[in-house]
Amino acid sequence: MNKKIKLIVIDSFCGAGGVTEGFHRAKINGDYCVEVIIGINHDAKAILSHKANHPNTHHFVEDFRTIDPHDLLSILNEAKKKYPEAKVMFWMSAECTHHSKAKGGESRDADSRSLPEYAYKYIEILQPDIIGVENVVEFLDWGPLQPKVVKDKKGNELYCPIDIKKDKKTKKVISIGPKWVPIPERKKEYYNAWVEQIKSYGYHYDYDKLNAADYGAYTSRTRYFGFFSKEKDFIVFPEKTHSKDGKDGKEKWKAVKDVLDFSDEGISIFDRDVELVENTKDRIMSGLIKHVAGGKDEWLLKYNSVNGDTGRHNPPGVDEPCPVVSCQNRLGVIKAQRFISKYYGGEPAHKNISVDEPAHTIRTKDCQAIISYKTGRKHFISKQFSGHPESKNISTDGPVGAVTTIDHHALVGCDFIQTYYGNGGTSSVESPSPVIPTKDRCAVVMPRFLCSYNFKDGPKDINAPCPTLLTKDRVAIVLPKQIVGKCHFIDQQFGQSKPASILRPVGTITANPKYAICSCDWLLDTNYKNVGRGLDQPSPVITANRKHHYLVNPQFSSAGNNIEVPCFTLIARMDKRPPSMVTIRTDQDELPSFIKIIGNTIVYEIYENDSPKTKEIKEFMALYGLTDIKMRMLMVDELLRIMGFGDDYILLGSQTDKKKFIGNAVECTQSQVIAEAISMAIFKHLLSIAA
């Protein structure tokens with residue numbers, strides 16, 4: 001007899017285990033509180049994956065519509081004996097594809113939409129205490145269908161599109177008929193009738209739309225969650241722990257970049273064996289406009305610089321002196337941002353989401369890609385006229401200082417490559433790298449030096465005597481900036497206490513000193529999964545460039561994503577419309593074939609047979625000095641992390657199968673917090689009875 005389990009669950013659309021995994025993680029007062037006793041799914045491969053991770057669950061490879069609920073009774077009755085205080089939950093994550101807006105204007109399957117109606121026989125026979133339902137938010141508009149009609153601008157009916165269904169294996173035509181779409185005037189009709197039918201069995205009902213990112217997930221997946229319960233007090237929804245802006249005492253949404261591997265950039269979108277389709281290029285172009293042209297970083301943007309012959313903007317590079325500044329605010333700095341691009345229907349402008357926002361729904365098909373680029377050196381603007389030294393060097397992230405009639409502004413970069421073999425030596429990061437031996441012998445160096453502002457005077461070595469100091473400030477020290485991580489915590493020196501965060505209230509202050517504040521510094525290495533190193537150790541190699549990424553989301557009516565926020569929703573069709581990661585580069589390594597270096601000039605060749613979107617992308621690259629755009633599909637391990645599964649979660653089948661399982665799953669963290677909230681309500685109910 002186990003009194004700690006408060007909820008025994010029948011997962012009727014278990015798939016590969018999103019709900020079950022989250023429920024089995026749920027705890028109250030440190031004890032596991034949920035047991036999923038039965039998993040049902042029609043897909044044998046999904047059941048094999050579920051069983052590999054949850055071997056104690058009883059599994060049925062059955063269609064939800066045809067299984068006899070009496071077959072489940074003996075298992076349920078044994079569980080009730082084992083967990084006498086537990087309540088029974090019947091969980092139903094019915095297929096959502098034919099309700100979802102991601103289906104676009106494609107034909108809807110009326111039978112698939114009616115799956116929730118098959119719950120009636122389970123309710124009558126199993127008599128669950130609670131019924132949990134998860135679906136897309138469009139489920140709330142469930143109503144009848146009608147044949148799709150295409151009309152002209154005047155509203156005249158032109159034709160009805162035909163829906164042709166083929167066998168997946170033989171490719172033979174199974175059926176031909178009209179495309180069925182929802183009737184706008186009759187939305188909610190079936191949903192309302194369904195709710196009333198279940199309530200007639202003696203249940204209370206409520207629902208909410210919950211965003212997984214609000215509970216610490218790496219995706220901004222928003223879903224409908226409805227609950228029917230014989231006890232009204234058991235209908236509860238978890239408290240939100242995170243918010244988009246991190247306000248009201250909540251943590252900020254988690255960034256999807258924490259679970260992505262940036263070491264694999266993929267391959268260039270150019271010179272491929274199979275050229276990308278125009279829709280994909282359209283989404284990439286849309287992302288470039290939104291996340292590259294719309295941000296700021298290491299390119300100076302002149303708003304009043306348009307070539308009279310070509311009519312195109314020609315921004316100066318950061319390796320050139322700052323241009324003349326007019327009396328109006330005409331200068332800016334361009335930054336390429338990470339964003340996510342999606343690969344299916346809808347407006348191109350909506351296909352790219354900043355990685356500073358949550359990810360969207362993960363589907364069963366690859367529909368999203370992460371996009372990034374490499375940038376070169378760090379720079380600052382140096383003012384070469386009198387005044388305080390500290391005001392002479394200005395970050396390119398801030399406004400430029402006053403501009404006089406004489407050129408007094410220059411853009412400064414100070415990176416070079418140092419070799420550690422032979423007699424050593426240095427070379428510019430703008431030149432080819434020296435020979436790379438089998439041992440680490442090269443490093444990019446950003447040195448400290450004294451900057452002298454005397455007439456025609458050059459920089460001074462800090463290891464040499466300082467030049468003459470005049471009555472006016474003429475010398476300033478220049479040094480690169482590394483990221484130094486700082487950590488502070490309180491050491492509680494009593495009993496078996498643990499260190500405490502400085503962000504929380506301190507405990508009781510005793511007569512004897514029992515608290516000490518501790519701090520430590522380290523160098524933060526931004527490489528993937530690197531934990532940094534101590535200040536007493538050698539610094540890691542400082543590279544001459546950095547990378548930026550964004551994800552490409554191919555979903556209907558959705559944009560790409562910045563990786564600084566949760567991923568957009570990964571959906572069930574992810575195996576055919578994959579999410580992708582895009583990497584944008586600005587260095588000169590491995591240039592695509594259409595980019596030529598002639599002397600000191602980079603030439604971007606546009607060919608007659610280039611597609612319209614290819615020409616647009618090339619023109620954009622030339623405008624902003626981009627040298628390549630790489631793309632790859634998100635890997636299964638990354639998708640698992642986005643959806644809250646652990647790295648050790650087992651999925652069986654092909655890569656296509658695995659992505660479909662992930663896209664069909666309920667996000668695990670969201671499942672966990674829901675199970676904990678309901679279990680706590682049951683626990684409190686039992687306490688009130690005992691009292």
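Strand β4 (residues 34–41) and strand β5 run parallel and are joined over four bridges, where two strands count as paired if DSSP finds at least two bridges between them. Within this pairing, Ile 38 has His 58 in β5 as its bridge partner. Helices (H or I, at least four residues) and strands (E, at least two) are DSSP runs, numbered from the N terminus.

This is a predicted model, in which local features need pLDDT of at least 70 and side-chain atom pairs count only at pLDDT 80 or more, whereas totals for chains, interfaces and linings use all residues. Residues are numbered from 1 along each chain as its sequence is written, and side-chain values use heavy atoms, with hydrogens and water left out.

Both strands belong to an open sheet of seven strands with mixed pairing, in the order β5-β4-β1-β6-β7-β15-β14. Because β5 (58–61) and β14 (204–211) stand at the edges with a single partner strand each, one side of each is left without a neighbour in the sheet. On average, and with direction ignored, neighbouring strands of this sheet are turned by 20° against each other. Helix α11 (residues 668–690) lies across β1 (7–11), β4, β6 (87–92), β7 (130–135), β14 and β15 (222–229), and runs at about 25° to β15.

A separate pairing joins β11 (residues 162–166) and β12 (residues 173–178), which are antiparallel over five bridges. Lys 165 stands opposite Ser 175 in β12, and the two strands form a hairpin with six residues between them, where Lys 171 in the turn has a positive phi of about 65°.

Two helix pairs can be set side by side; axes are lines fitted to C-alpha atoms, for helices over the stretch in contact, and angles run from 0 to 180 degrees between N-to-C directions.

| Helix pair | Axes come within | Crossing angle |
|---|---|---|
| α7 (residues 278–292) and α8 (residues 612–624) | 9 Å | roughly 25° |
| α3 (residues 70–82) and α5 (residues 119–126) | 10 Å | roughly 45° |

Helices α3 and α5 are therefore oblique to each other, given that angles under 35 degrees count as roughly parallel, over 145 as roughly antiparallel, 65 to 115 as roughly perpendicular and the rest as oblique. Their contact (heavy atoms within 4.5 Å) is made by His 70, Leu 72, Leu 73 and Leu 76 of α3 and by Tyr 122, Ile 125 and Leu 126 of α5. In the other pair, the residues of α7 that meet α8 include Ile 284, Met 285 and Leu 288, and those of α8 include Ile 617 and Phe 620.
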